[in-house]
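Please look at the structure first.

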Amino acid sequence: MFNLDFSFMFLPSISNINCIFSLLINSKTMKSYSLTFILSIILVLSAHTQSFIDSDAMQFREVGPERGGRCTTVEGVNSQPNVFYAGYTGSGLWKTTDYGETWNNISDKYFETPSIGSIDVFQNNPKIIYVGTGTDGLRSNLIAGRGMYKSIDAGKTWKHIGLKNAGQIGSVEINPYNPNIVFVAAIGNAFTPNEERGVFRTKDGGETWEKVLYISDKTGFSDIEFHPTDPQIVYAAAWMAERKPWTIISGGEENGIYKSEDGGTTWKKLETGLPKFAGKIDLAVSLADPNRLYALIEAPRGEDGLYRSDDSGKSFKQISDKFELLNRPFYYTNLYADPTNPDKIFSFATSAFESNDGGKTWKSFRAPHGDHHDMWINPTNNQWMIQSNDGGANVSINGAKTWSSQFNQPTSEIYQVEVDNQVPYWLYGGQQDNYTTVSVPSLPPYGMQAGHTAYIMNTGGCETGPAVPNPINSNIIYSNCKGKFSRYNKTTGQEQQYDVGMYFMYGHNPKDLPYRFQRVSPILVSPHDPGTIYHCSQFVHKTTDEGKTWTTISPDLTAFTPETQVISGSPITRDITGEEFYSTIYSIQESKREKGVIWVGSNDGPIHVTKDGGKNWKNVTPEDLGPGGRVDAVEPSVHKNGKAFACILRYQLGDPKPYIYKTLDYGKTWKLITKGIPNDFPVRVLREDPMVEGLLFAGTEYGLYISKDDGENWTKFQKNLPIVPITDLKIHQNDLVMSTMGRGFWILDDITSLRSSSSQTNASALLKPADTYALLYGSRRSPDAPYDHISYPSPSVNIDYYLKDSLTTPLFLEIINDQGLIIRKYQSVSNAPKDTSEVIEDMNTSKSEYIETKSLKSGAGGYRFTWDLSHGNKVLAKPGKYTVHLFSSNFDQKQSFDLLADPRMTADGFTKADYKNQEDFSLKVAALVEEVKDYVKSIEKEIKTLEKVETKTNAEDQKLKGLNEKLDLFKNKEKTNYPQQMYVSQLNYLFGSNNSTWQYINKDSKLRLEQLKKEFEMLKK
C-alpha cells in the first residue's frame, strides 16, 4: 500500500509543490500512481489553505496604545452640544455623542483612505455631512486623499461622491441655506502636478462637480469660507505647494485670496494690503461680524502674519507679525474665529494662541497636547468647543478650562514595530509626536486597575523610533530619536545617550553634515550576536558595547545627488528637522541564515549587500528601477541563501505604484512581484514567514496583502483590519504583528492555519493547533473605562478547521490528555436561541454528555474554535501534550499540540510536578463537588415530592422538616445579607482558591479537603 506522510507540508508554495513532485517521482511506488493523483493532492492542499484564508475565522485585534494621534479637522453640531466629529491623518473619521467621553470610528468599511482633510455638517439638518479626504498638513508621511464622501444619516453610512483625484482637500463648505450647494478647496496631488485641483462646486449634492476656480496644475486651494450671512459671497485661498522627499515647497506669485460675489461662478483676486508673494493662507470669518475677514498668511519675513479686512475683503491691514503664528506653515497655518465674538480669534501652530482684541495681542491657549490644527466653537454657546492637535481630539464644555481625555481614541501613528522575547511579548515602536517611543503588551502581563491604558510604557528615544529590545534582556531597549541613539533601562527608567558623532543636526544643510541621520534611523541587533548592534546614517555603524564606541563599517551607501542636498523649505520658510534629510540609509537587515550577510536600503534608491560583515559592499539596485525612491524594507530570506526581498516607496516622487522585488542570487538579478496589488497601492513592508517558504505578507498604504506562492500572486488579506497604512510587520511566536500609521498596533493571533494543510484527500480538514503557552490573565477592561477599542482574548488554545460542505449531523470535538482521557467534550447545535457555551455556571458537567455550543460551527467554511484550557468541570489542565479530536458521522480527524508551561512560572520555581499536583488535587475537589451537588439535588427532589402531598402524616411532616434542616446545612440562606457560608459554599471556596491561578497546593488545602469529605459523610447520615 502506497503511504506517504504529508505532515511536513504547509502552504502549497512553489517550493512545496516541487517537494511533492520530487518525493513521488523518486518513490519506488511511483508507477502505481498517475499524474492525476499527484495533481489532486496539490489541488486539495491549495483548496484548504485558500478557503481558510478567505474565511472570517481569523480576526485582527487592536492592542493599543489607546492614545490619540494627529487630528487635523474637527466639527460639531449646533443643536446637539454632545455630538462632535474628528478627522485624522491616518485614522479616518470618528464621532462622539457624549462630549468626548467615548469615540467610535464611522468611516471604516466606507472610505478608501484613512486621511481626512475637512468635515462640514449642514447645521439645519445635521444628518447631512460632507467629508473631504486627504489632510492639508503636508508632512512627508502624508496619506493621499481619495475624494469626497457624503452621509445623510449622521455618519451611519457613506457614499463616495467624486473628486477622487483631487489629492489633499483643504476645506469643504456647505451653503448654510442649501445642502446641495457645496464648495471644495482642493490642494491637489502633493507630489506632482495634476489638473484636478482648484475650487470645485456642486449644486446637486455631489452628483456632479464643476471646477469654478483654477489657476494651474501646480497651484490648488487650501481654504474656502462663506460670508456668514450672504452665501453668494465666497472666499478662497490659493496655495502652490509641493512635497519632495528632500524639501517642502510652499509659495508662489499665483497664491493669494480670491473672492466671488455670485455664488462661485466668477472670481476676483484680492490684492489691496496683501503680500504679492505668499505661501499657505488660512481664512476665518465670524458670524458676529459678517464683513470681517481674517487671513493668516505665510510670506517673506515682515510681511507674514495675521491680516484683517473689515470690508469683506476690499482692503486688508496687517495686524500682527508674531513669528510663532507661522513657525511651520506647510504643517499648520490654522486660524479660527469665535462665532460669538468677532474680536476673539485663535491661531494654531506648534503652540496655540488666542487673541481677544482682533489679533493685536496674543496669549497662550492651553490644550492637552501641542502641535495644533483645528477648532470648532458652538455658536449657541461659546463654552462648548472641540480642538484638535497631534495628540488627538479634545472637547471642552467650559470654555477651554478643562478638556476631555485623549486616552480614549486609538489613533496613534506608529512608524515601526519591534517585539521582545518575553511571554507574553511586548510590542515597541515610535509614535508620532510622542516624547518617547512606546511599548504595549500583546496580552495582559498583570492586572491594572486603570485598565489597558495603564500598560503604555515609555521606552526611550522619541516619536520617530525605533525602539529595539535586547533579545536576551527585554528590560534593555535601544532607541532612536531623530538619529540620536540611546540605551534605555525599563527597570530604572534611565536613558543613556550614545550618539554617533554627537552632532545636533537641526537647521543644517545635509550636505555639510558628517553624518546624515534621517528622522527615522534604523537600529538592528544582530540575529547571530545580541551584543552586536547596527545603526545607520549614510553609513552603517556598528557597536559591540551598546553604543559606547562605534565603528563605521561601510562607505556612503546612498546616491547622494547634489541637487537633493538642500536646506529644506522654500521659497519662504525653512523647515529642517531631519525629516527631509535625503541620501540616508532607511532599512537594514542581517540574514538569519548567514552571519555577516547584511542588506541595506537608502531613502534615495540604492540597495547594497555585504557578505563579509561590512568589509566589502556591492550595489545591487534593480536595473529597471528609476532613480530615487525610499527603500522602506529589505528582507533576506530565512529559507535560502542569496534570496531576499525589497520594498521601494516612490509615491513622494509622484509614482504611487507598488514595488516589491525578489532576488535569488544576492541581488545580481531581480524580479518585480506585485501581481494582485492595485496599481496605486504603494508597498511599505514585506515579511517572509520563518516557518513556510512562499508565505509572504505585504503591508501597503491601504491595507494588508498575502501571498502563498512566494510573491507570484497576491490576495487582499484585510478581514476586520481598518484601511490604514501598514508601516511594519513582524512574525513572532506564531502571531502576525503590525504597526500602522494611524491605528496603533494590531495582532493576528496564531497564523498556524495559514501554514498548514491537511494530509487527507478529503477537503474537510482539522488543522494542527499551535503549541500554546498556558497563560492565565484577566482580559476584561477596567470597569470605569466605557471605551473598548483594545482587545485581549481569553486564555485559550485556537483550534482551526475547515468543512467543505455543511454537515447534516452534529459535529463533535474532544480534548484528550496525554493519558488518553477525554477531558472536554463539545457538540455543535442547530437553531439554538443563544450560544450555550457560557451558560454553564457551576463546576459539574456530566461525563457522558457533550456541551452544546454554537461556537462549534458545522456549516461549510473555515472556523476557529477556542478551548479555555480547562476540563469539563473547569479544572485547569496542566501543561503537556494534548490531542484534539473532531468528528461527525462522515468526518473524523485528530491533531496533537503541546500546552506549554508559562516560562515566568518556571523561572519562579514552579515545576511539572507542581502542575500535576494542582490538577490532581483540583480534580479530587471537583469530584466531591459533583457528588455533593447530586446529593443536594436528591434532597431537593424529595422535598418537592413531599411538598406536593396535600395531607401529610406526622412522619411525613417530620421527614420534610428534617430534609429542610439538612438542606440548610448545605446551602446559604437566600435573601440574607452576609449569610453564613454553608457546606456547598465552603467547598466551592476550596475549589476556587486552588484553581484560579497556577499555585502550590499547601498543607491547609489538603487538610481542608479531608475535613470536608468527613463532614459530608456526617451530613449524609
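Is Asp-512 buried, partly exposed or exposed? At 48% relative accessibility, Asp-512 is partly exposed, where buried means under 20% relative accessible area, exposed over 50% and partly exposed in between (1.4 Å probe, protein chains only).

The model is predicted, so local features need pLDDT of at least 70 and side-chain atom pairs pLDDT 80 or more, while totals for chains, interfaces and linings use all residues. Residues are numbered from 1 along each chain as its sequence is written, and side-chain values use heavy atoms, without hydrogens and water.

**Salt bridges**

The whole structure holds 53 salt bridges, each a side-chain nitrogen of Lys or Arg within 4 Å of a carboxyl oxygen of Asp or Glu. Three of them are tabulated here.

| Pair | Closest N and O atoms |
|---|---|
| Lys-511 and Asp-512 | 3.2 Å |
| Glu-940 and Lys-971 | 2.9 Å |
| Asp-868 and Arg-824 | 2.7 Å |

Asp-868, in the loop between β64 and β65, and Arg-824, in strand β62, are 44 residues apart. Arg-824 is buried at 3% relative accessibility, whereas Asp-868 is partly exposed at 32%.

**Helix packing**

Helix α5 (residues 912-947) packs with helix α7 (residues 983-993) at an angle of about 160°, and their axes are 10 Å apart. The two helices are therefore roughly antiparallel (angles over 145 degrees, on a scale from 0 to 180). Residues in contact (heavy atoms within 4.5 Å) include Phe-921 and Val-925 of α5 and Leu-987 and Phe-991 of α7. By class, the contact has 12 nonpolar, 2 polar and no charged residues.

Note on methods:
Helices (H or I, at least four residues) and strands (E, at least two) are DSSP runs, numbered from the N terminus. Angles under 35 degrees count as roughly parallel, over 145 as roughly antiparallel, 65 to 115 as roughly perpendicular and the rest as oblique. Ala, Val, Leu, Ile, Met, Phe, Trp, Tyr, Cys and Pro count as nonpolar, Asp, Glu, Lys and Arg as charged, and the others, Gly among them, as polar.
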